Amino acid sequence: MNEEEDQQLVILREWDMIVTQGQGQHYRTNHTVMTMGSDFQYENANMWFKNLDKLIQLVNAQQQANGSRVNVLYSTPACYLWQLNKANLTWSLKEDDFFPYADGPHMFWTGYFSSRPALKRYERLSYNFLQVCNQLEALAGPAANVGPYGSGDSAPLNEAMAVLQHHDAVSGTSRQHVANDYARQLAEGWGPCEVLLSNALARLSGSKEDFMFCRKLNVSVCPPTQTSESFQVTIYNPLGRKVDWMVRLPVSKHVFLVRDPSGTVVPSDVVMIPSSDSQELLFSASVPALGFSIYSVTQVPGQSPQAHIHHPRSQKPWSRVLVIQNEYIRARFDPDSGLLMELENLDQNLRLPVHQAFYWYNASTGNSLSSQVSGAYIFRPNRQEPLLVSHWAQTHLVKTALVQEVHQNFSAWCSQVVRLYPGQRHLELEWTVGPIPVGDGWGKEVISRFDTVLETDGLFYTDSNGREILERRRDYRLTWKLNQTEPVAGNYYPVNSRIYITDGNVQLTVLTDRSQGGSSLSDGSLELMVHRRLLKDDARGVGEPLLEEGSGLWVRGRHLVLLDKARTAAAGHRLQAEKEVLAPQVVLARGGGAPYRLEVAPRTQFSGLRRELPPSVHLLTLARWGPETLLLRLEHQFAVGEDSGRNLSSPVTLDLTDLFSAFTITDLRETTLAASQLRSHASRLQWTPNTGPTPHPSPSRLVSTTITLQPMEIRTFLASVQWEEDG
């Protein structure tokens, strides 16, 4: 036997061991999946396929040589699934998910839920902007792509967002220079969308303004508003319902007059920012569904804004309690520490002691139990109890008719503004963290923690991609017995939009503005990781520590806190989360632009809908699909059992015939979720679960433009449209 034949024999023996005695033992049919390729491995397609061709030929030749029953072929997941279905077996149902994942004791992949929080926020903000871009491209028609401002295009941002969904992009598990490149791609995608927005707004408003965009409003930087004596503010609302939204714009030290679309003066205020030399103009804007409102702002000469900053609170036991409140919410702060100590829902007569503070976990660099360190992927604190950033906060109180704020300063690298606007049913916590100091040689993982007296019995709840709510139980897995090696990291879960705890009567919910890691590590407690900076690489492929150099050093974000009765809480967090993910878009101009068409009078307010969508219906997608075709997705955003006394979980019927004002639907075809095939042509495999027979309702037939949405259902359509001539 020569060397080549000897190698072939070894390969055949190993293959037989894998298929018949190893992996094959764990499969219920005689079909076994052998996956091909791997992260860091699949680099040369020619080499892979040449060797696999040899392997397939060698193994299959044994069928005639020695009666082997193994047949190897190239396949796909769809083909494999088809064979399982043909086996006509009964299958178990998996109702939980796979989080948190670990590839060994003390090695939980729960750090990336929070890694690179600045990039995570940029991705979420870009999704918001992309939806605005897509909607205006659909509402304005071809005029959005070619107009007075040049060629507008949603594709570059769409493509950049697609790249950001890579498992090492939005996850924060790339190297620093790669993360910088992801951010660069997003930034470059915004430009063509800004041109598109300018073209679309000019057509829909009937006025060609010199539209301007401020991408740094999160750090109170916007030259057009800070240097102009007068300017115009266009606020676009991407939701299917009217919104009232507090506009905040950095301005110079003057008093301003703000007029609404009808020319009526509306209440406004200029608020000084503590610990800085800047100020912001505040006014409440009312914006129609899927439309815009244009407000004008004019400087009042010779007047300076009144100072609304109260002096720093002295940390004395006899100081009176700090309180901010509106008609729905009251928040009390400890006079000694300056920390939040109680939250009250005045509308529902609920009062809950809530202590909120910032802590940090000391990142593990390995110990006697395991050499595993905390890194971009892995979260592993070196002890269970985190350390307080500070036991107290220096506070400033700001109160005006339009806002009440408590500014808390915990340290040189951690501060927070706790805020209430009139009519707001949640408490807003705007935190700023960074640069996290690591000069002491300790990596730090910073959390915001809420401690209450709620008896939660080890349970807490997180969302799954902003839709379904999943129950989590501390130190427990639904489908296997858990050997918990990391009591903190092993109980962390991804929080895409919300996390809550409840005792069955009262519910405390926190909404996030980006994906974060979160948990409830003791009853009545809830925590979210806001930032992390580490000194060691965790040996999962990044090859460098998560040090977050550059803009990622400083991170600002918001947590929205809701206190509700458990049975009605869904209405609050579902509808507020929708407002968060699709917030209004501000576009600025100097005003006095030329008419778009001489024969058409300009308008200062516009709605793309003839009637608002019901609260339970979310306009998930409205985008151009072809020259005269739009992609339309409608989502029922409530689950069964989330009625909240308002019938929100019931099926909803909509007539799309004349729903949109900017175009007329001439033909409507329902498709699968990805719009890859007509729904009438699609067929689903039928399975038999071990829980008993499951009814398989036939898909709703589309016989007209009237559709019905079941709870949590998403329906997708391709609509042929004709745009209105006057835009």
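Is Cys 133 buried or exposed? Cys 133 is buried, at 0% relative accessibility. Buried here is under 20% relative accessible area, exposed is over 50%, and partly exposed is in between, with a 1.4 Å probe and protein chains only.

Some ground rules before I go on. This is a predicted model: local features need pLDDT of at least 70, side-chain atom pairs count only at pLDDT 80 or more, and totals for chains, interfaces and linings use all residues. Residues are numbered from 1 along each chain as its sequence is written, and side-chain values use heavy atoms, with hydrogens and water left out.

Back to the cysteines. How many disulfides does the structure hold? Two. The criterion is a pair of cysteine sulfur atoms within 2.5 Å. Cys 133 pairs with Cys 193, and their sulfur atoms are 2.3 Å apart. Cys 133 lies in helix H4 and Cys 193 in helix H6 (residues 176-205), so this pair ties together parts that are 60 residues apart in sequence. Helices (H or I, at least four residues) and strands (E, at least two) are DSSP runs, numbered from the N terminus. The angle about this S-S bond is -95°, a left-handed link. Cys 193 is buried too, with a relative accessible area of 0%.

The other disulfide joins Cys 214 to Cys 222, S to S 1.9 Å. Here the link is right-handed, with 70° about the S-S bond. Both of these cysteines are buried. Number the bonded cysteines in sequence order, and the pairing reads 1-2, 3-4.

Two further cysteines, for accessibility. Cys 79 is partly exposed, at 42%. Cys 414 is buried, with a relative accessible area of 1%.

Now H4 itself. It runs over residues 117-140, which is 24 residues. At 1.5 Å a residue, it should span 34 Å, and its end C-alpha atoms are 35 Å apart, which agrees. The expected span is 1.5 Å times one less than the number of residues. Of the 24 residues of H4, 19 are buried, so the helix is largely enclosed by the rest of the structure. Just after H4 comes Gly 141, with a positive phi of about 75°.

What does the record say? An unreviewed UniProt entry annotates residues 107-186 as "domain: Glycoside hydrolase family 38 central". UniProt positions are in the numbering used here, feature names are shortened, and annotations may be inferred rather than shown by experiment. That span is 56% helix and 5% strand, with its end C-alpha atoms 32 Å apart.

On to Met 36. Where is it placed? Met 36 sits in the loop between helix H1 (3-22) and helix H2 (45-66). Met 36 is partly exposed, with a relative accessible area of 36%.

Last, two exposed residues. Arg 590 is in the loop between strand E30 (585-589) and strand E31 (594-595). Its relative accessibility is 53%, which counts as exposed. Arg 590 and Ala 412 are 178 residues apart along the chain, and their C-alpha atoms are separated by 38 Å.

Thr 666 lies in strand E36 (residues 663-671). Thr 666 is exposed, at 52% relative accessibility. Thr 666 and Val 721 are 55 residues apart in sequence, yet 5.4 Å apart in space, C-alpha to C-alpha.

That's my tour. Thanks.
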